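Here are a few friendly notes to read alongside the model. Please keep the structure open and find each residue as it comes up.

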Amino acid sequence: MSVKLSKMMTAAAISLLFSLNSGAQQLGGAYFLDDFVYSYEMNPAMHDAKTTRVFVGFLLNDITIGAHTNVGLSTFLYPKPMDSNPDQKELVLFMNEKVSYDEFVGKLPANDIRVNPNINLNLLSFGFKAGKNGFFSFDSRLKSRTKVTVSTDILKEVKSGLEFKEGSEINMKNLDMYTREYIELAADYSHKVGNVRLGIAAKFLMGLAAADASLKNIGVKIGDDQYFATGDINAAVSTTMLGFPAGPTYDFNNIGFGKVGFSGFGGAVDLGVHYEAPFGLILSASVLDLGVMSWKNTISGEASFNNTLIEEVKDADANYYANTLLHLDRSKEGVANMEMLPMTINAGIRYKMPFYKGLSIGVHGSYVTKLNAFDARVGLTLSPCRWFSISGNYGITDYGAAFGAAMNLRPGPFTFFVGMDGFISKFTPQGIPVNALNTVAKVGILVSVKTPNEKKNKK
């Protein structure tokens, strides 16, 4: 009996993990930096046309990594006195009898566990002044956005002593997975009219992989060698990089490498406006990734159960459960699926102090649709000269509060920047973060030729 249940759970795990091939993943603190080359990533109207004449970067020029979770290693591991030596402590798993049910459940989120890793890697970028008031830039980026949500009820059941025996019932409210990986080619142009700079970016998108999986109100009742299932399952994955042997159904026991290629194409635009008043007030607003993507679903399946008897099948394997119960159909390969991209809305305000222009304060906020991610920050910036700017900020996000800092250093023809929103303060001896993560880190180095200093020219 337990063998059959294990096969069913293996099939579900294969279907879900197979789909795992997107939080605000920009560095919010970068908004507060002065003379920052990549400001236009947050707003196409924020080209650094005042300081930068031309720039070029490759591979190491702009790397952004985000990691957001509402649980950490400390949720599942606990320091407890050793049996042999109570004066010393050892780390034990949450299932250990030394960890009480209330202690473990008290560390779980109220509803769902959320994990949100993201990557933005700039492969190549360059930009230059176009005439007196214009600026043009081009970027090729690799982007990855993932979001996984799992209800905590299954962990509570496990801790309370879940048993796989006749009469037992296993329940899980939901498990949702969303991921998108694609290459983005973006051409940006901004133009200054008076104190206002307007910007627009046109983007061409080439999809590498996309996956969605959803389990809702899943329940399994265990009878006498019988299983009764309740719930809804939907799964879809699009990628050319997975290969299956020829046949009428998918063979999950023999998954191989397919081919390097694109599984979707799309387009988007960024729109932005940036205003700088003579008395030091700066206003900014933008809409990013306003567009669509078309994916070809290579695998998709769905199932709906209402206390349905899952019949015994002799020697049934994971392929039977995945293909039959999830209704996977190879004839659906190549079916296109059009979707709107998660859109990011940014808005910010800064004020440069009248007694010292190198000191400024500001507020910036962003919101990502579909992912329901938000980030609001207040920041303080010190920029004593054109080649150095440093800022600190405090923010509130959908994963909680976070401190951040960023620095922009531009000696000679080079630019180096580094920043982090949400510091990681505690690690294990192996370098693994202990607590929940709410972090975006950004670093880069590139060649940038500055414009002549107007003040020196006047002298």
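1. Let us begin with a group of charged residues: D139, R141, K143, E184, K203, D270 and D289 are linked in a network of salt bridges. A salt bridge here is a side-chain nitrogen of Lys or Arg within 4 Å of a carboxyl oxygen of Asp or Glu. Side chains of opposite charge can pair when their charged atoms come close.

2. Before going further, please note that this is a predicted model, in which local features need pLDDT of at least 70, side-chain atom pairs count only at pLDDT 80 or more, and totals for chains, interfaces and linings use all residues. Residues are numbered from 1 along each chain as its sequence is written, and side-chain values use heavy atoms, with hydrogens and water left out.

3. The cut-offs are under 20% relative accessible area for buried, over 50% for exposed, and partly exposed in between (1.4 Å probe, protein chains only).

4. How many salt bridges does a search of the whole structure find? The total is 21. One of them pairs the side chains of D34 and R350, at 3.1 Å from N to O. This pair links distant parts of the chain, 316 residues apart: D34 is in the loop between α1 (2-18) and β1 (52-58), while R350 is in strand β16 (residues 344-352). Both D34 and R350 are buried.

5. Another salt bridge brings together the side chains of D176 and K216, at 3.0 Å from N to O. Here D176 sits in strand β7 (residues 169-193) and K216 in strand β8 (residues 196-222), 40 residues apart. K216 counts as partly exposed because its relative accessibility is 33%.

6. Now for the chain as a whole, which has six helices and 22 strands. Helices (H or I, at least four residues) and strands (E, at least two) are DSSP runs, numbered from the N terminus. Of the 459 residues in the protein chain, 47% are buried.

7. Next, take a look at the largest pocket, with a volume of about 1,500 Å³. On a 1 Å grid over the protein atoms alone, a pocket is an open set of points where a 1.4 Å probe fits, with protein on both sides within 12 Å along at least five of seven lines; lining residues have an atom within 4 Å of a point. The volume is the space filled by probe spheres set on the points. Its lining has 41 residues, of which D35, K50, T51, E276 and K352 lie nearest the centre. The elements giving two or more residues to this lining are β8, β12 (264-276), β16, β18 (373-385) and α6 (454-458).

8. Finally, please visit T152, in the loop between β6 (134-151) and α4 (153-159). T152 is buried, because its relative accessible area is 3%. The C-alpha atoms of T152 and P109 are separated by 7.4 Å, although these residues are 43 apart along the chain.
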